[in-house]
Amino acid sequence: MYFPLFVNLDARPCLVVGAGPVASRKAAQLAAFGADVRTVSPETSGRGFTESDCDGVALAVAATDDASVNARVAAACRARGIPVNVVDDPANCTFVFPAIFAKDPVVVAVSTGGASPVAARVIRDRAAKAIPDALVAKVAALGARREEMKRELPDARERMRHYEKELEEWKD
């Protein structure tokens, strides 16, 4: 089972090896969260993968149709302590992509640990329908006042009660 973790990738280099539709989708997902996506494939960079492509990257994705290339990417990343996702090969992944719903500042991520990406998307879509735009706007407003609220209500428990009251109408 994978531990869910949200990572700031803003302007951080991320490697995507491959040029097909899956690689393009993964690259677009990373770019949507501000990553500096670097792609390597004979089609996009004019050359194949080399281990040095992993140097200095925050994470990597191996999304080629060649299992030996994907295994080389995974091995190079593991040797450097770089999180790596090998598409359609959960056993070689150190992280998996969740199904993501994002409406800034709210991000919902659903994972089945690679067992069923389709099921993760179905669950994500159900969760997304349960999050009204008004709630997203409320979260944004609360975030804009967060530092002010820390000053006004320095006691963390009191602040939590205040936030719970602010969000009462959306509780079940």
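This report describes the strands, cores, cysteines and backbone features of a predicted model.

## Strand pairing and the β-α-β unit

Strand 1 and strand 2, the latter covering residues 36-40, run parallel and are joined by five bridges. Within this pairing, proline 13 stands opposite aspartate 36 of strand 2. Together with helix 1, residues 21-32, these two strands make a right-handed β-α-β unit.

Alanine 28 belongs to helix 1. With a relative accessible area of 46%, alanine 28 is partly exposed.

## The nonpolar cores

The largest nonpolar core comprises 18 residues, and those with the most contacts inside it are Leu15, Phe49, Cys54, Val73, Cys77 and Val84. At least two residues of this core come from each of strand 1 (13-17), strand 3 (59-62), helix 2 (67-80) and strand 4 (84-86). Helix 2 supplies the largest share, five residues. Another core lies apart from this one; it has 14 residues, including Leu9, Ala35, Ala63 and Phe95. In soluble globular proteins, nonpolar side chains tend to be buried together.

When neighbours within four places in sequence are left aside, valine 84 is in contact with Ala60, Val73, Ala74, Cys77, Asn92, Cys93, Thr94 and Phe95.

The structure holds zero disulfides. The cysteine sulfur closest to that of cysteine 54 belongs to cysteine 77, at 3.7 Å. Seen from cysteine 77, the closest cysteine sulfur is likewise that of cysteine 54. A disulfide requires sulfur atoms within 2.5 Å, so the separation of 3.7 Å is too far for a bond.

Cysteine 54 is buried, with a relative accessible area of 0%. Cysteine 77 also counts as buried, at 0% relative accessibility.

## A buried aspartate

Aspartate 53 is placed in the loop between strand 2 and strand 3. This residue counts as buried because its relative accessibility is 14%, and the cut-off for buried is under 20%.

The side chain of aspartate 53 is joined to that of arginine 47 by a polar contact of 2.6 Å. Leaving aside neighbours within four places in sequence, the contacts of aspartate 53 are Leu15, Val40, Arg47 and Gly48.

## The hairpin and its cis peptide bond

Strand 5 (residues 99-103) and strand 6 (residues 106-110) run antiparallel and are joined by five bridges. Alanine 99 has valine 110 of strand 6 as its bridge partner. A hairpin connects strand 5 to strand 6 through two residues.

Proline 105 lies in the loop between these strands. The peptide bond joining aspartate 104 and proline 105 is cis, with omega about 10 degrees.

## Positive phi values

Most residues other than glycine have a negative phi, and most peptide bonds are trans. Alanine 11 has a positive phi, near 65 degrees. This alanine is found in the segment before strand 1 and is exposed, with a relative accessible area of 59%.

Aspartate 88, although not a glycine, has a positive phi of about 60 degrees. Aspartate 88 lies in the loop between strand 4 and strand 5, where its relative accessible area of 76% makes it exposed.

Definitions and conventions: Residues are numbered from 1 along each chain as its sequence is written. This is a predicted model: local features need pLDDT of at least 70, side-chain atom pairs count only at pLDDT 80 or more; totals for chains, interfaces and linings use all residues. Side-chain values use heavy atoms; hydrogens and water are left out. A nonpolar core is a set of buried Ala, Val, Leu, Ile, Met, Phe, Trp, Tyr and Cys residues joined through side-chain atoms within 4.5 Å. Buried means under 20% relative accessible area, exposed over 50%, partly exposed in between (1.4 Å probe, protein chains only). Helices (H or I, at least four residues) and strands (E, at least two) are DSSP runs, numbered from the N terminus. Contact means heavy atoms within 4.5 Å. Two strands pair if DSSP finds at least two bridges between them. A crossover is right-handed if, with the strands pointing away from the viewer, the path from the first strand over the helix to the second runs clockwise. A polar contact is a pair of N or O atoms within 3.5 Å; within protein, one must be able to donate a hydrogen and the other to accept it, and residues adjacent in sequence count only if both atoms are side-chain atoms.
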